[in-house]
Amino acid sequence: MPGFEFFGEEEKKEVNEVLETGILMRYGFDGPRKGIWKSKELEQAICSRFGTKYAQLTSSGTAALTTAMASLGIGAGDEVIMPAFTFVASFEAVLSVGAVPILVDIDSSLTLAPAAVEAAITPKTKCIMPVHMCGSMADLDALKAICDKHNLLLLEDACQSIGGTYKGKKLGTIGHAGTFSFDFVKTITCGEGGVVMTNDESVYTKADAYTDHGHDHLGVDRGADLHPFLGYNFRISELHAAVGLAQIRKLDQFLAIQKKNNHILKSYLEKVPGISFRTVPDPEGDSASFLTWFLPTEAATIKVIEAMKAAGILAGNFYWYANNWHYIKKWEHLKKVQSLSHLNEAQQKALQALNTKSFDQSDAIMSRCISTAISLTWTESQLHEKGTAFLNVIAKALS
Ligand SMILES: *Cc1c(COP(=O)(O)O)cnc(C)c1O
């Protein structure tokens, strides 16, 4: 999964070009920057690699989601339907624009269950936000059909699935807007960073200004810019964009290694009766950053996790069901509405309702699910060792 494993001379060269000029900001300083515009260059590279008309870099993936929502006109009182299995950033962004997160069940794709989405629609629903978790994708045809039927926006949180595709189209470019995160552990990294992608010029123009205090970027200099609406500072720096520029050039190499390593490891687990794998709506399009597998029962899964721990091979294997960052079960701060600033009434009500809402369908899936992060640096012999160790541990735990 992580591009940081392949950090090297290419990243240093790009960063050094910025350090030579000393202009670390992405806007202005046209003379002293001597033609170095790393953020612009990275946005162009994103447009051409992912086939999106517009790309707006941000300071993080969370900022990208917030920016996308504001630019799509999502705000106070609007309901955003999102999955109960995601990263906390997804609901943070919804709350930050004043909107109401409506959490619904996932299915064996580990992403939004279309039937659960449809059942959650109310007159206040404005947007459906699938999260393409762990390198693979949601059933976008089904979700798009629901959006079309109910006149809703589709915002793809593709932060974890950079380089994945669905029926030939790049994840993150299929909805009205989509986002990637370039934080330190994502498929390609800027250190910190993110991007909003869209084919809608007006969404892009809004995102461009929103991330820079509302500056319209039309003045002869920054002081002459007008502010057509409120914005914030969600800018990326030139240093971060420089790292991303070196990384995006390596993306295809990363994806090829991920796929190869993932398939080798999967060939071991496939031999075990009782182990099954995550549903992938378009198997060709899996970015392969994780191998996600299921055991027959929760008890068996806990036994396997404990056996992996005892054998010293648990690192890089995630039991999300018991994990503080990724699943509704452990989001106590959300369910208890522990916010430093007051949330609006609709938000408070929706969060309190999470305490009594059942997520049985998701629990039945997540309690049996282990995701193995695929390293880019594993050698063939390490993969063989890993596969063999997995088989031994699982056989022992299940006997
Ligand atoms: C990483 C991530 C984000 C955004 O994260 P940042 O760390 O703010 O860049 C959003 N959603 C998901 C699903 C993520 O994994």
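Me: What does buried mean here?
Reply: Buried is under 20% relative accessible area, exposed is over 50%, and partly exposed is in between (1.4 Å probe, protein chains only). Phe 390 counts as buried, at 1% relative accessibility.

Me: What am I looking at?
Reply: A predicted model, where local features need pLDDT of at least 70, side-chain atom pairs need 80 or more, and totals for chains, interfaces and linings use all residues. Residues are numbered from 1 along each chain as its sequence is written, and side-chain values use heavy atoms, without hydrogens or water.

Me: Which ring pairs with Phe 390, and how?
Reply: Trp 293 does: the centres are 5.9 Å apart and the planes are at 40 degrees, so the pair is tilted. (Phe, Tyr and Trp rings, the latter by its six-membered ring, pair with centres within 6.5 Å; planes under 30 degrees apart are stacked, over 60 edge-to-face, the rest tilted.)

Me: Is Trp 293 buried or exposed?
Reply: Buried, at 0% relative accessibility.

Me: How many aromatic pairs are there in the whole structure?
Reply: The search finds 17. One of them, Phe 290 with Trp 320, is edge-to-face, at 6.0 Å centre to centre and 65 degrees between the planes.

Me: New topic. Which residues of helix H6 are buried?
Reply: Leu 140, Leu 143, Ile 146 and Cys 147. The face turned away from them carries exposed Asp 148 and Lys 149.

Note on methods
Helices (H or I, at least four residues) and strands (E, at least two) are DSSP runs, numbered from the N terminus.
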